Amino acid sequence: TCALPIYLFMSLEALIFDVDGTLANTERDGHLVAFNLAFEELGLDWVWSNELYHELLDVTGGQLRIKHYLKNHKPEFTHDDLDNFVASIHKLKTKIYVRLMAEGAVPLRPGVERLFAEAREAGLRLAIATTTTPANVDALIANTLGREALDWFEVIGAGDVVPNLKPAGDIYHYVLEKMNIDPKNCIAFEDSHNGIVSATDAHLKTLITVNEYTNSHQFDEAIVILNNLGEPNKPFTMIEGDATDATFVNVDYLRGLHAKHC
Ligand code: XBP
Ligand code: MG
């Protein structure tokens, strides 16, 4: 616990959210579907099962993931201009993903919309730090919360605005710098090992909500690990963390966590 004067300096001011797997189960119901549809449309006989995708998710970034797949699962495949070829597949995949979002393929995870509203009400600053392509973030937010919700986020750090994708800390460093905020005044929200490694590199404390792909990941630095953020009528399950009476994540709960772990 912190001495009072320090605690006052270290008040919770901002929440920084990962997108894929954290705000919504976009990996299973969005990205995986879009990759396979893109392969099919291009006449490629590549089919990614859910099981294979689980493994491929260790590599962040869609283009790097495709290259990793080719190297490890299609070693016989060659192309004169692999970079451009993969970029063109990925471009189609993004187009399909955006269409899937417009069709409402992926809802937000429990508690996400409520927490955004409560955080805004409490005057907390919001931001996004993700590896995914910016158009994907736009599409998810606009189609679940409405286009105006894009303005709720002071910074949307996405994709290759930084040289190195997660697990490198670049994207969190970028967002913190744009916000001109001390990481000690923030909490990051992540779902994966690569995500928490990235946030921790930027000296952020991280709340984890796991999903089917990440529930066996290592989260040594997490301030708490939950199955999801929970709702008043749908309590979260705490996987690891301090005892609490809370049954869903709200601003009071986050302030308590922050004070305890600062
Ligand atoms: C997300 C990613 C992205 C998405 C696919 O990681 O790694 O590559 O899977 O999006 P995180 P793109 O949740 O840690 O940010 O195809 O646009 O890369
Ligand atoms: Mg994620």
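The biggest contributor to the lining of the largest pocket is α4, which supplies four residues. This is a predicted model, so please keep that in mind throughout. The helix α4 covers 62-73, and other helices also give at least two residues each to that lining: α2 (26-41), α5 (82-102), α7 (134-145) and α9 (193-201).

How much space lies in the largest pocket? About 640 Å³. There are 36 lining residues, and those closest to the centre of the pocket are Thr60, Gly61, Gly62, Arg65 and Thr131. Sorted by class, the lining of this pocket holds 19 polar residues, 10 charged ones and seven nonpolar ones.

Next, the metal. The magnesium ion, ligand 2, has three residues as protein donors: Asp18 and Asp191 through OD, and Asp20 through O. These donors lie 2.1 to 2.2 Å from the ion. Written as a sequence pattern, the spacing of the donor residues is D-x1-D-x170-D. Asp20 sits in the loop between β1 (14-17) and α2, while Asp191 sits in the loop between β4 (186-190) and α9, so this pair ties together parts of the chain that are 171 residues apart in sequence.

Are these two residues buried or exposed? The cut-off for buried is under 20% relative accessible area. Asp20 comes out at 10%, so it counts as buried. Asp191 has a value of 4%, so Asp191 is buried as well.

The largest cavity has about 50 Å³ of space. Its lining is made up of Phe17, Thr22, Leu23, Arg109, Pro110, Val112, Phe189, Thr209, Asn228 and Leu229. By class, that gives six nonpolar residues, three polar and one charged.

The second largest cavity has a volume of about 30 Å³. Which residues line the second largest cavity? They are Gly21, Asn25, Glu27, Arg28, Asn211, Glu212 and Tyr213.

Definitions and conventions. Residues numbered from 1 in each chain as written. Chains lettered and ligands numbered in written order. Predicted model: local features only at pLDDT ≥ 70, side-chain atom pairs only at ≥ 80, totals over all residues. Heavy atoms only, no water. 1 Å grid on protein atoms, 1.4 Å probe; cavity = no way out; pocket = protein on both sides within 12 Å on 5 of 7 lines; lining within 4 Å. Points joined across faces, edges and corners; volume = space filled by probe spheres on them. Nonpolar A, V, L, I, M, F, W, Y, C, P; charged D, E, K, R; others polar. Donors = N, O, S within 2.8 Å, 3.2 Å for Na, K, Ca; no water. Buried < 20%, exposed > 50% of the residue type's maximum accessible area, 1.4 Å probe, protein only.
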